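Subject: Handing over a structure, with notes on what was found

Dear colleague,

I am passing this structure on to you, and I hope you will open it beside these notes and follow them from the sheets to the cores and then to the charged pairs.

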Amino acid sequence: MITTTLFGGLGNQMFIYAMVRAMSLRNNVPMAFNTRRGFERDLLYRRSLELDKFKLSLPEATLATFNMPGGLITEKVSRHIGWNVLLPKYKCINEDIPNYHFQKELVTSHIKNAYLTGYWQNPRYFEDFADVIRKDFTIGVELPKETKDELGYLLSLSRTLVFVGVRRYQEAEGKNCRLAACGADYYNKAMLRMTQTLDNPLFVIFGEVREWAEENLSSDFDKYFVQKKSGELSAISDLYLMQNCHHAIVSNSTYYWWGAWLQQPSENHIVIAPNNFINPDTVCKDWEIL
C-alpha cells in the first residue's frame with residue numbers, strides 16, 4: 001500500500017495525491033491517506049481538505065498512515081529510521097527537501113509498501129498516468145450558478161481566453177515564506193508574448209490582490225478580472241474557470257500550475273511560467289519559461 005498524509009492548499013494536495021495515485025497504479029497496490037492530521041496541525045494558514053470536491057477516492061488506513069493517538073510521534077520516529085515501526089514492511093520515503101532532486105527510483109523500482117512525506121511537485125512522478133490523474137480531478141460538486149454564468153459570459157465573447165494567475169503571497173508576510181512573488185515585469189512580458197502569438201486574446205485575471213493587478217498590469221492588454229469568490233467552493237470554482245480557458249500565464253504557484261495542466265491538451269496549447277518555482281522541475285518541459 002502507498003500512503004501519505006495530506007496537507008497544504010489545493011495545489012499541494014493535488015500534487016501529493018497525484019504522486020500517491022501514480023505509485024499505487026504503477027506498483028498495482030492500494031493507496032491510503034491520512035486526511036485529518038495535516039490540517040489539524042495547520043495553525044498558520046488553517047487550510048482544509050479540498051480533494052473531496054473531485055470525483056476521486058480517498059481511502060483511509062490507521063497504522064499505515066499513523067492515523068491514531070500518538071501517531072505524530074510514531075511517524076517522526078519512523079521517518080527518522082526509514083521504516084514504519086508499527087508495520088516494518090513499510091518504507092518511510094522522504095522527499096529530498098530543500099534540493100528537490102528527482103528520485104528516479106520511485107518511478108522505476110517496484111515498491112509495494114511505503115509512507116511518503118513531501119510535496120512531490122514534479123510532473124515526472126505521475127506523467128505515465130496523466131490521463132488517470134486528469135480524470136480523477138474531474139470536479140464532483142455542484143458549482144455555484146454565478147461561476148457557471150461567469151464562464152458562460154467569457155465563452156460568449158468568442159475571444160482567445162488566457163488566464164493569468166497572479167500570486168503575491170501577501171498572506172505569508174512575516175511567516176518565513178521562502179517563495180518570492182513574480183513582479184509586474186514578468187506578467188507584462190508574458191502577456192506581450194501571448195499577444196504576439198495568439199489571435200484576439202483576452203487576459204482573464206485571477207488572484208487575491210486585484211488592486212495590485214490593476215495598478216501593475218499594463219493597460220495595453222484587454223483584461224477581465226474574475227469575480228471575487230468566498231466560501232468552501234471558492235478555490236474549486238476558480239480552478240474550473242481556469243481549466244476552461246485556452247492558454248495560461250502562471251505564477252510560481254501550484255494552484256495556478258494545476259489550472260494550466262488541466263486545460264484541454266492540444267498542439268497549440270501555450271503555458272508561460274516563471275523561473276522562480278522552489279522546485280525548477282515543477283515546470284512542464286513543453287511550457288515556456290520567462
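Two strands are said to pair if DSSP finds at least two bridges between them, and helices (H or I, at least four residues) and strands (E, at least two) are themselves DSSP runs, numbered from the N terminus. Please keep in mind that this is a predicted model, in which local features need pLDDT of at least 70 and side-chain atom pairs count only at pLDDT 80 or more, while totals for chains, interfaces and linings use all residues. Residues are numbered from 1 along each chain as its sequence is written, and side-chain values use heavy atoms, with hydrogens and water left out.

With those terms in hand, the chain has 10 helices and 10 strands. An open sheet is formed by 6 strands, which follow the order 7-6-5-8-9-10 with parallel pairing. Its edge strands are strand 7 and strand 10 (288–289), each of which pairs on one side only. Within this sheet, strand 5 and strand 8 (residues 247–249) pair in the parallel sense over 3 bridges, and Val 162 stands opposite His 247 in strand 8. Helix 10 (residues 254–261) packs on the sheet, where it touches strand 5, strand 6 (201–206), strand 8 and strand 9 (271–273), and its direction makes about 160° with that of strand 5. Here contact means heavy atoms within 4.5 Å, and axes are lines fitted to C-alpha atoms, for helices over the stretch in contact, with angles running from 0 to 180 degrees between N-to-C directions.

There is also an open sheet of 4 strands, in the order 2-1-4-3, and its pairing is parallel. At its edges are strand 2 (31–34) and strand 3 (91–94), each pairing on one side only, and the twist averages 25° from one strand to the next. Strand 1 (residues 2–5) and strand 4 (residues 114–117) pair in the parallel sense over 3 bridges, with Ala 114 in strand 4 as the bridge partner of Ile 2.

Turning to the interior, buried means under 20% relative accessible area, exposed means over 50%, and partly exposed lies in between (1.4 Å probe, protein chains only). By that rule, 53% of the 290 residues of the chain count as buried. A nonpolar core is a set of buried Ala, Val, Leu, Ile, Met, Phe, Trp, Tyr and Cys residues joined through side-chain atoms within 4.5 Å. The largest such core has 65 residues, and those with the most contacts inside it are Leu 51, Phe 54, Phe 126, Phe 137, Leu 239, Trp 258 and Trp 261. Helix 1 (residues 10–27) supplies the largest share of this core, 10 residues. A second, separate core of 22 residues includes Val 166, Cys 182, Tyr 186 and Leu 217.

To see how one of these residues is surrounded, you could look at Leu 51, which, leaving aside its neighbours within four places in sequence, is in contact with residues including Leu 6, Tyr 17 and Phe 137. Ser 237 is found in helix 9 (residues 234–243), and because its relative accessibility is 1%, Ser 237 counts as buried.

Side chains of opposite charge can pair when their charged atoms come close. A salt bridge is counted when a side-chain nitrogen of Lys or Arg is within 4 Å of a carboxyl oxygen of Asp or Glu, and the structure holds 19 salt bridges. In one of them Asp 128 pairs with Arg 26, the closest N and O atoms being 2.9 Å apart. This pair links distant parts of the chain, with Asp 128 in the loop between strand 4 and helix 5 (130–136) and Arg 26 in helix 1, 102 residues apart. Arg 159 forms a salt bridge with Asp 222, again with 2.9 Å between the closest N and O atoms. Finally, Arg 37, Glu 75 and Arg 79 are linked in a network of salt bridges.

With best wishes
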